[in-house]
Amino acid sequence: MFEFLNGNKNHFIGIDFGISSIKVVELSYKDQQAHLENYGVVDLDWISSTGQVTSSNASYEQKLNDALKSLVEKMNLKHGSQTFVSIPGFSGLITIIELPEMAQDELANAIQFEAHKYIPSSLDEVAMSWEIIEYVDAQAGSQGQTKDGGKKIKVLLVAAPKKDIEHYGRLVAGTNLQVSAIELETFSIERSLVGEDSGTFLIIDIGSHATNIILVEKGVVRVNRNIDAGGNEITIAISDSMKISRQRAEAFKCGEKDFLNTTESSFIVPVLELIVGESRRILSAYLEKNNNSKIDAMFLSGGTAKMKGIEQYFSRALGQPVTIGNPWRRITFDDNAKHLVENLGASFSVAIGLALRGLDEHKRK
Ligand SMILES: Nc1ncnc2c1ncn2[C@@H]1O[C@H](COP(=O)(O)OP(=O)(O)OP(=O)(O)O)[C@@H](O)[C@H]1O
Ligand SMILES: [Mg+2]
């Protein structure tokens, strides 16, 4: 969605503006595979601890822009590579609407009408895209038919405020990179962790201040929920309950101690319980609607997925194995990058998914 212009080189850059850091990855298409050329991270904790973190705050935007500029210079990223930027999941809307089958021009009007139900602001302020993801077979039973016996279609509707898209576009201004497209990070995460794999997957991306829960079926995002909490709340909980500074709590959290699977860890459960509770609701609603379905795999993603014991915690809470998603599985890299890549792990799901968007489009040409 939200296309701007097309470059034609075979280098692809993904930029993820997270609250705690900016992550950039550069991939190339080499020997018919995605290859890691370069990556970079700028820590933003100094901004979030000193200023108000909102996209409408001009000085925050300037700081982000400066931080990206110096990273782009350091990484020596070349002009002409296609660049993809994400918008946080909570900025946008992804939903599936069911409509009777109709002609394309009628459909556009019907979708506008439906969109009003989900979007309280004026539709002029929102960029929208949609695609038909399913024709429900009339033979499938009454569920697949309208009252008069006609067929139904399922439409994936995606929307994001234009002001947010413009904000993320502006963050790249002044670098030598040109933005090819901006997309909701939900799609980037889905692309790097699931891609072409068929089946049904639940992804839980836990960042620093936000959590994005995504249910993917047959390569399509079916459900998406965002929670206004993440690893930062775990740090605060450790700091408050152990009466230690935030800094020490952060170091503790990122250490070898398993806070999640011992009885003394009950103080951090509220944050994770919120995420588990929402995941359970999504799962049970999905399973109820799709009688014979099962979830083929569940993945954790984001920086908080590195927390010691988190797989075990979620596996127990959701009653099915939950593993850490691997956004690097389709990427080749030099041997000397192996250790670094392991360290970055699933915190690069968004950046990699963005760069893969360009690479996948390039492959199809
Ligand atoms: N080894 C670790 N153990 C536990 N938590 C970790 C570890 N490494 C990083 N984190 C946490 O991961 C979070 C950062 O994750 P990530 O980089 O995905 O966030 P972000 O994308 O910047 O934020 P958001 O998605 O909320 O905007 C921080 O809360 C950090 O404390
Ligand atoms: Mg993030």
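In the predicted model, the axes of helix α5 (residues 185–193) and helix α11 (residues 349–364) come within 7 Å and cross at roughly 80 degrees. Axes are lines fitted to C-alpha atoms, for helices over the stretch in contact, and angles run from 0 to 180 degrees between N-to-C directions. Helix α5 is therefore roughly perpendicular to α11 (angles under 35 degrees count as roughly parallel, over 145 as roughly antiparallel, 65 to 115 as roughly perpendicular and the rest as oblique). Contact (heavy atoms within 4.5 Å) joins Glu185, Ser188, Ile189, Arg191, Ser192 and Leu193 of α5 to Ser349, Val350, Ile352, Gly353, Leu354, Leu356, Arg357 and Asp360 of α11. By class, this contact has 6 nonpolar, 4 polar and 4 charged residues, where Ala, Val, Leu, Ile, Met, Phe, Trp, Tyr, Cys and Pro count as nonpolar, Asp, Glu, Lys and Arg as charged, and the others, Gly among them, as polar.

Residues are numbered from 1 along each chain as its sequence is written, and chains are lettered from A and ligands numbered from 1 in the order in which they are written. Because the model is predicted, local features need pLDDT of at least 70 and side-chain atom pairs count only at pLDDT 80 or more, while totals for chains, interfaces and linings use all residues; side-chain values use heavy atoms, with hydrogens and water left out. Helices (H or I, at least four residues) and strands (E, at least two) are DSSP runs, numbered from the N terminus.

Helix α5 also lies across β4 (82–87) and β8, running at about 90 degrees to β8. Both strands belong to an open sheet of 6 strands with the order β8-β4-β1-β2-β3-β14 and mixed pairing; two strands pair if DSSP finds at least two bridges between them. The edge strands, each pairing on one side only, are β8 (178–184) and β14 (331–332). Within this sheet, β1 (residues 11–17) and β2 (residues 21–30) pair in the antiparallel sense over 7 bridges, and histidine 11 has serine 28 of β2 as its bridge partner.

An open sheet of 5 strands, also with mixed pairing, has the order β11-β10-β9-β12-β13. Its edges are formed by β11 (220–227) and β13 (322–324), and neighbouring strands are turned by 20 degrees against each other on average, direction ignored. Strands β9 (residues 200–206) and β12 (residues 297–301) run parallel and are joined by 5 bridges; phenylalanine 201 is partnered by alanine 297 in β12. Helix α8 (residues 269–289) packs on the sheet, where it touches β9, β10 (211–217), β11 and β12, and its direction makes about 20 degrees with that of β10.

The axes of α8 and helix α9 (residues 310–318) come within 10 Å and cross at roughly 45 degrees; the two helices are therefore oblique to each other. In this contact, Val269, Leu272, Glu273, Ile275, Val276, Ser279, Arg280 and Leu283 of α8 meet Tyr313, Phe314, Ala317 and Leu318 of α9, giving 9 nonpolar, 1 polar and 2 charged residues. Helices α6 (residues 231–242) and α7 (residues 246–253) pack at about 115 degrees with their axes 8 Å apart, and are therefore roughly perpendicular.

The chain is divided into domain 1 (11–91 + 161–364) and domain 2 (93–160), with bounds from an automatic or database domain assignment. The C-alpha centres of the two domains lie 29 Å apart, and their contact takes 12 residues from domain 1 and 14 residues from domain 2.
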